[in-house]
Amino acid sequence: MHYALDLRTFIFSHYFYTGLRIATGVVGLTMLVLQFSDLPTAMTVCIGALSTSLMDLPSTLRHKFNEMLSSVLLCTVVTLIISLCAPFHWLLSIMLVVVTFLACMMVVYGKKAMPLQFSALFVMTLSMENATNVEQAFFHTGLFLAGGLAYLAYSMAVSWFLRSRIKQQVLAEALFELARYINIKADFYDMHVDLNSQFNLLVRQQIVLAEKQQASRDLILRDPKNQEDAILVQVHFGMFDLYEHILSTHTDYAILRQHLADAEVLTYLRDLVNKAAKDIESIAYAVTRKRASFASISYKAELRSIDAELQQLQQDALAGKVSEEALDILRSTYGKICDAIDMIGQLHHATQSVQGPLPVLLGKDMTPFLTQQKYQLGVLAANLRWQSPTFRFAVRAALAISCGLLAADALPYAGHGYWVVLTIAIILKPSFSQTKQRRSDRLIGTLIGCVATALILRFVHEPVALLGFLFLATVAAPAFIYVKYRYTAIAASMQILLQINLVIPSSGHVIGERLIDTLIGAAIATAFSFVLPSWEYRTLPQLIRNVLKSNQRYLEASNNLLQGKAVDDFIYRISRKRFLDNISELVSTLVRMLDEPVSKHRAVENLNQFIVQNYLVMAHVAALRMLLRRNAEGIPHEAVNAQLDTATTHVCKTLALAEQVLNPNLAPAVLDQSDLEAIPEHEAGATPASNWPAWHALQQRVELLYADTEKIAVNSAAIGRILTT
């Protein structure tokens, strides 16, 4: 369950704060204008504020201002154009299609542009009923602009006062997701859980975690100014160090299960890791409440039980009842988990006060770590071609809106046929998967919202009480939009129906019409999701090449860091981030593809294995880094560096061969086992370093790295064969 769906954590999350801020601003501004003007004027100002609030997202103050101002200006232009065209039905229809096409082309700028695109479509649909003359159109647009600018000023003022609060909330969200990640890791020690399914679940959670960690970077690493910011910075870096250490705890779970299936030690390890996850949740909860965190979870019982089990297993190993290999793996894993618990303790301390100088990374240009949003006209122009998925989506949306307009004109009732168009704009998304999910949530949410509103209007008649329900719905609509859209659909339906009832009492028939319009819009959006589709499998070759390239860069940066050739881990962290970003994009594409018709699925099993094996490469590198840290004393640098150089050359060559499979500029040759055998085998133990205690463990980890990169190559070959067939 998402942490924000728990009431205890929801009320401290930035989702609730955002919903409360938006509801207070929109409803408060509307009520204020209503004191000095009539209802139509207040509602126009309300729409201006509401459209601007769609861009009121967690961000730095400068970025928030730019984003919201862009929304105000764009939506004002759309409002003016549609209002001027409204008296002429034929011209209005043309402009609605043109605005839809241009707005949908904005998604080429990525996720950040999605709310802006919807703002334009939202305002367009609400303005299409304004059949006014030129003077009235300009006056209406002026009121809209005033509402947008007023909300912008209000939101910036509130955000300035709460600028530290939003940083804490976003950081806490990343910590909650890290705790969820560790909970999934704990189930690897559960004999009843399938390992392959658990690996896939882990990788998908790792993608969610990477997204939340990036949001934390974007806010916290931009110009920390005071002691409060310094505490957040050190917690942020402590979180990343802990995450990398957790990566290093990956081990051969199959061997543990095979040889220790009857031992209680795996159950104790699972309970220990679950407690560590709860410990991190307690840190996240303290951060959301702007408090220092103190350790409250005791690990003593599990630690004592595991120590006792280890002693018994040692005796069984001497008697030949337990595999020495399994026992070595168990000891190593247990040691790493204990180190992770110590790091969690350090994370508690990091929330209490500044522990020392900030990390050296803050002395460098942090731009590579931060999300960069550039709205260049050239990017838009380059996608005005038939092969572009964005262009095809824009055409698809324009055609769907045209069909929606025809359907709205054919309805026997009038006055709010724009609901059909708005439903299409809400449901129809760039990918088939997103459209499918949004359609389901919208239909169920609208049905529940209509029933709930009908019950409220049946038993509640006091305007003040209805305003209270309206305020709660206005809070919930934006609060759940990125957590559980179905709740947003429920709240949005209640919001608009309650508004209509307050403006026009005894308009209960509107509820049924609202439901019919939603069904019609959903049917049209569903039908057009099959028109000019951009199936996800078509992007797979480029995404896989991106993963392979970033994997090679990550391994090279890791090699330089492990050998001490790099001054610090700055380049390593950048390479790791880009590697994670590329894996995240591939995972997202795979998940969306699985929601598409079965006939459009390609190489699902190979893709799952490919993703897991790339994840394991990160785990092996993290383990190597931890191994060298813990055994730094007496390390034979020459032998270790030679081993690392050999390993890096080997695995990078393997990945380069894998990349050739999906390179459109080369012949569509396939990579098979004979290609891998052409790579010289690693000569284990060729270097005289057996007196260093960790030498054998280093060789074992390198061999695991070899094995997984070779599996990556084999799966790349299989995917290439499937995609070119």
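Predicted model: local features only at pLDDT ≥ 70, side-chain atom pairs only at ≥ 80, totals over all residues.
**Helix packing, cores and selected residues**

Helices H22 and H27 are roughly antiparallel to each other, because an angle over 145 degrees counts as such and their axes cross at roughly 160°. H22 covers residues 540-562 and H27 covers residues 695-724, and the two axes come within 11 Å. The crossing of this pair is left-handed. On the H22 side, the contact is formed by Leu540, Pro541, Ile544, Leu548, Asn551 and Leu555, while H27 supplies Leu705, Ile712, Ser716, Ile719 and Leu723.

Asn606 belongs to helix H24, residues 604-630. Is Asn606 buried or exposed? With a relative accessibility of 19%, Asn606 counts as buried, since the cut-off for buried is under 20%.

Helix H2 (residues 14-36) packs against helix H7 (residues 134-161) at an angle of about 140°, and their axes are 10 Å apart. H2 and H7 are therefore oblique to each other. The crossing of H2 and H7 is right-handed. Here H2 brings Arg21, Ile22, Thr24, Gly25, Val26 and Leu29 to the contact, and H7 brings Gly147, Ala150, Tyr151, Tyr154, Ser155, Val158 and Ser159. By class, seven residues of this contact are nonpolar, five are polar and one is charged.

Attention now turns to the nonpolar cores. The largest nonpolar core holds 118 residues, and those that touch the most other members are Leu175, Leu178, Tyr181, Leu242, Leu260, Leu330 and Leu586. What does Leu178 touch? Not counting residues up to four places away in sequence, the partners of Leu178 are Leu209, Met239, Leu242, Tyr243 and Ile280. Another core, of 77 residues, lies apart from the largest one, and its members include Val45, Ala400, Leu497 and Ala525.

Single residues complete the picture. Thr423 sits in helix H17, residues 418-427. Thr423 is buried, with a relative accessible area of 1%. When residues up to four places away in sequence are set aside, Thr423 touches Asp517, Thr518, Gly521 and Ala522. Thr423 and Ile11 are 412 residues apart along the chain, and 30 Å separates their C-alpha atoms.

Most residues other than glycine have a negative phi. Lys290, although not a glycine, has a positive phi of about 60°. Where does Lys290 lie? Lys290 is in the loop between helix H12 (265-288) and helix H13 (300-318). Lys290 is exposed, with a relative accessible area of 52%. Leu532 is not a glycine either, and has a positive phi of about 50°. Leu532 is in the loop that runs between helix H21 (509-528) and H22.

Technical notes: Residues numbered from 1 in each chain as written. Heavy atoms only, no water. Axes fitted to C-alpha atoms, helices over the stretch in contact; angles between N-to-C directions. Helix = DSSP H or I, 4+ residues; strand = E, 2+ residues; numbered from the N terminus. Parallel < 35°, antiparallel > 145°, perpendicular 65-115°, else oblique. Left-handed = near helix turned anticlockwise from the far one by under 90°. Contact = heavy atoms within 4.5 Å. Core = buried A, V, L, I, M, F, W, Y, C linked by side-chain atoms within 4.5 Å. Buried < 20%, exposed > 50% of the residue type's maximum accessible area, 1.4 Å probe, protein only. Nonpolar A, V, L, I, M, F, W, Y, C, P; charged D, E, K, R; others polar.
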